[in-house]
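Please look over the sequence and the model first, then read on.

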Amino acid sequence: MSNPFVQIVEPLDPKQPLKKFFNLSKLEDVRYARLPFSIRVLLEAAIRNCDEFLVKKEDVENILNWKVVQHKSVEVPFKPARVILQDFTGVPAVVDFAAMRDAVKKLGGDPEKINPICPADLVIDHSIQVDFNRQSDSLQKNQDLEFERNKERFEFLKWGSQAFKNMRIIPPGSGIIHQVNLEYLARVVMDQDGYYYPDSVVGTDSHTTMIDGLGVLGWGVGGIEAEAVMLGQPISMVLPEVVGYKLVGNPQPLVTSTDIVLTITKHLRQVGVVGKFVEFFGPGVAQLSIADRATIANMCPEYGATAAYFPVDDISIGYLIQTGRDKEKVMCTKKYLEAVGMLRDFKNSSQDPDFTQVVELDLHTVVPCCSGPKRPQDKVAVSDMKKDFETCLGAKQGFKGFQIAPDRHNSIVKFNFEGSDFELAHGSVVIAAITSCTNTSNPSVMLGAGLLAKKAVEAGLTVKPYIKTSLSPGSGVVTYYLRESGVMSYLSQLGFDVVGYGCMTCIGNSGPLPESVVEAITQGDLVAVGVLSGNRNFEGRVHPNTRANYLASPPLVIAYAIAGTIRIDFEKEPLGINASGKKIFLRDIWPTRNEIQAVERQFVIPGMFKEVYQKIETVNKAWNALDAPSDKLYTWNPKSTYIKSPPFFDGLTLALQTPKTIEDAYVLLSFGDSVTTDHISPAGNIARNSPAARYLTSRGLTPREFNSYGSRRGNDAVMARGTFANIRLVNKFIDKQGPQTIHFPSGETLDVFDAAERYKQAGHPLIVLAGKEYGAGSSRDWAAKGPFLLGVKAVLAESYERIHRSNLVGMGVIPLQYLPGEDAATLGLTGRERYTIIIPEKLKPQMNVQIKLDTGKTFHAIMRFDTDVELTYFHNGGILNYMIRKMAS
């Protein structure tokens, strides 16, 4: 290491050895102490890699002059210590790696150079579905079906773990990636190559930010960007603004961490933090457990920030010990952080850094709440839920409206389920799921749900049998402490049996509803409801038949399941009436914070974590029995409908192709605001009348074998057909929801894929028009890969969510942004014009480019390549092309 701004410090205490480390705090004590803690980690990561990516004196000076440069474009090369992946994004990453090896070999290079340089952990958590529930053997049945459906994918991943060094696979049935990262994988301080340095991570899932709650700087990136990081490429980013979020006060006794995070989500969406870091400080942080902090950090993508960082403090150190980490290593971690000035005391205001902006929340003002019915930022106090839903029923179609005619608000449909008669109405709950790492990682809300279930059962309350109830914990530790504390049996009695260890309902793997329920919903055109303890509730995500979906704490999920409807005022109306005729109200069974904490102290212990995680890589017998090939180059099976060599590198040469002006492009789709990656590339069920279904049928598959879009991300033929295939897609060219568009040359209304194919065959380039927050949601790379394969050359939007913009850059699709104050309406754009986008010979970051229409109109837009490195990727046709050329030469 050679850099004048890195001081190598020898071990401090011979009796308690501390490895060498970079003492950045000695660079400039006064200015360094004013930096946000998250920026300190970013700076350290940049300087640590100075042997490969030189960090110049002026760059370090720029970052240290925080108040001067925080509004300027200072480029920082961030090289994270680790990469984590889940299987939905991990399979296409390994497919890309396998195809890149083939491409490097064709160009005369060494294919084994395509190999992760930094540690990469892939957790299989997205494949299992809630096919069975309310049965004692639901878990085993769901796991068996998961293997039956996904054996080919799992064999491929096992090949990857053997063919690539530094890649570890955590088998299915182990838990959810972010919870496993929090409880097991995260180091907080890395201990490698003779040095200590802060742990940092990027992941191919937007909720990678959950680890920020433990003081590990991390965020989600697209699979394309993660692959480049694994191959040694830094993430080149503009130094972000850091919003200081000050927490004061104490939460009220009945408030959960879920209520706090939903309140923060709404608040920060209003503040506007897209592309920024949020760093939490203030005495209120000391009132939050690491699980509480992780819950808040987990939902960072829902309020749009890049990271939601909680610096390490003594509570963080205690959590490492509680979760069974080696005590000696934990003590060295603490000593290192103290030595470099990065151990935080939230009660000491003299440690408060300088922030770009400061906002504040008094935790005492938080009330029990949910979010919905279609977006996580639309918080609703529980006391207002009934009124809010009834207002949404009649409101105009939109984020808070279903446009149901007034005379149909009280419609009732009778149906029979398993020999008994029931009724459904608008607001009836048909899915109630305790799911997602957002909440199942938090013992306080999980034990709170268990204690509520116990009191409900003892009070004689039940859940209607047609409601699809489920419990999918984020790790085996959850089941362990629920069982040991004696509440598991009560959860089971209410239908909340463990159905699997994975994301499940949270990502749309909710499985089928009973046919009679679906028929009743369809017959009455009912707004049926899903209630889940997840982090996202976008339209069409949770289940095709639940038009309203609410995010809630695990105890509230159970409460609404018992009530059977969202149209209830818990203060005035009982949850139910027991066999003795007694009315039972929610307040009668709601556990207090003190009750929950007492149980948590007794039953959430280090031994549980050690026992679960010491066997995590070997406990799954079905995984151990998988037979995978051992060749370094993958042998592609042309008959496979899961794994296919992608066409991204077809015809790739060592010579660069000069980017050309996009001439006379048609608009494939025209969108409004908040189009999510779920809209662009859905993860759930493959509809039987879709282009993807027609393709799979042509390959001899039956609908039962279709599986989900997420499980088929290793096959570009399926995923291209699944692009813009969400049944809730709202395209301005069409007067109803659905995955269709107008093919303008013929005037026909077609499925989006079929229209794109027509354009492609005629040699016409395509663009997409969009509003604000284009690409919100999951970090799925197929939301960029799919449009690329459809022939989309550029997107013109009012604003982008960070990860999706990076993914577009990674695929060579140009992200264009309207000039401030302009949009499609102000420019008079209908989307029926043809667009010529002038690409100058000499490009620079965030330059304005000219767009000419066939109507004669001309306007300008910002080309959102934000750094010189991103422009380098564009000239190469994308990140992966750049890496192949780099490795081949």
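## Salt bridges

The structure holds 38 salt bridges. The coordinates come from a predicted model, and the pairs described here are examples from that set. One of them joins Arg704 to Glu148, with the closest N and O atoms 3.6 Å apart. This pair ties together distant parts of the chain, since the two residues are 556 residues apart: Arg704 sits in the loop between α26 (691–698) and α27 (716–721), and Glu148 belongs to helix α6 (residues 138–163). Arg704 counts as exposed because its relative accessibility is 61%. Glu148 also counts as exposed, at 53% relative accessibility.

Asp378 and Arg375 form another salt bridge, and here the closest N and O atoms are 3.1 Å apart. Asp378 has 12% relative accessibility and so counts as buried. Arg375 counts as buried too, at 17%. In a further pair, the side chains of Lys414 and Glu423 meet at 2.7 Å, N to O. Lys414 is exposed, with a relative accessible area of 63%, while Glu423 is partly exposed at 41%.

## Domains

The domain assignment divides the protein chain into domain 1 (6–64), domain 2 (80–237), domain 3 (409–611) and domain 4 (662–681 + 723–888). A separate description comes from UniProt, where an unreviewed entry carries the annotation "domain: Aconitase A/isopropylmalate dehydratase small subunit swivel" for residues 693–818. Over residues 693–818 the chain is 32% helix and 18% strand. The end C-alpha atoms of that stretch are 36 Å apart.

The size of an interface is often given as the accessible area lost when the parts come together. Domain 2 and domain 4 bury about 2,100 Å² between them, and 65% of this lies on carbon and sulfur atoms. Ile224, Gln233 and Ser236 supply 29% of the area that domain 2 buries against domain 4, more than any other three residues. In terms of contacts, 26 residues of domain 2 touch 23 residues of domain 4. The C-alpha centres of the two domains lie 28 Å apart.

Polar contact across this interface is found for four residue pairs. On the domain 2 side, α5 (87–106), β10 (217–220), α8 and β11 (235–238) each supply at least two of the residues that touch domain 4. The count of salt bridges between domain 2 and domain 4 is one. A salt bridge is present between the side chains of Asp96 and Lys785, at 2.7 Å from N to O.

## Two covered helices

Helix α8 spans residues 223–230 and is mostly covered, with eight of its eight residues buried. These residues are Gly223, Ile224, Glu225, Ala226, Glu227, Ala228, Val229 and Met230. Just after α8, Gly232 takes a positive phi of about 100°.

Helix α7 (residues 177–185) is largely enclosed by the rest of the structure, because eight of its nine residues are buried. The buried residues of α7 are Ile177, His178, Gln179, Val180, Asn181, Leu182, Glu183 and Leu185.

Thr677 is found in helix α25 (residues 677–680). Its relative accessibility is 2%, so Thr677 counts as buried.

Asp313 lies in the loop between β14 (307–309) and α12 (314–322). At 6% relative accessibility, Asp313 counts as buried. The side chain of Asp313 makes a polar contact with the side chain of Arg293 at 3.0 Å, and the side chain of Asp313 also reaches the backbone nitrogen of Ile315 at 3.2 Å. Leaving out residues up to four places away in sequence, Asp313 touches Arg293, Leu343, Arg344 and Phe346.

Key
Residues are numbered from 1 along each chain as its sequence is written. This is a predicted model: local features need pLDDT of at least 70, side-chain atom pairs count only at pLDDT 80 or more; totals for chains, interfaces and linings use all residues. Side-chain values use heavy atoms; hydrogens and water are left out. UniProt positions are given in the numbering used here, feature names are shortened, and annotations may be inferred rather than shown by experiment. Helices (H or I, at least four residues) and strands (E, at least two) are DSSP runs, numbered from the N terminus. Buried means under 20% relative accessible area, exposed over 50%, partly exposed in between (1.4 Å probe, protein chains only). Domain bounds come from an automatic or database domain assignment. Contact means heavy atoms within 4.5 Å. Buried area is the accessible area (1.4 Å probe) that two parts lose on being put together, summed over both. A salt bridge is a side-chain nitrogen of Lys or Arg within 4 Å of a carboxyl oxygen of Asp or Glu. A polar contact is a pair of N or O atoms within 3.5 Å; within protein, one must be able to donate a hydrogen and the other to accept it, and residues adjacent in sequence count only if both atoms are side-chain atoms.
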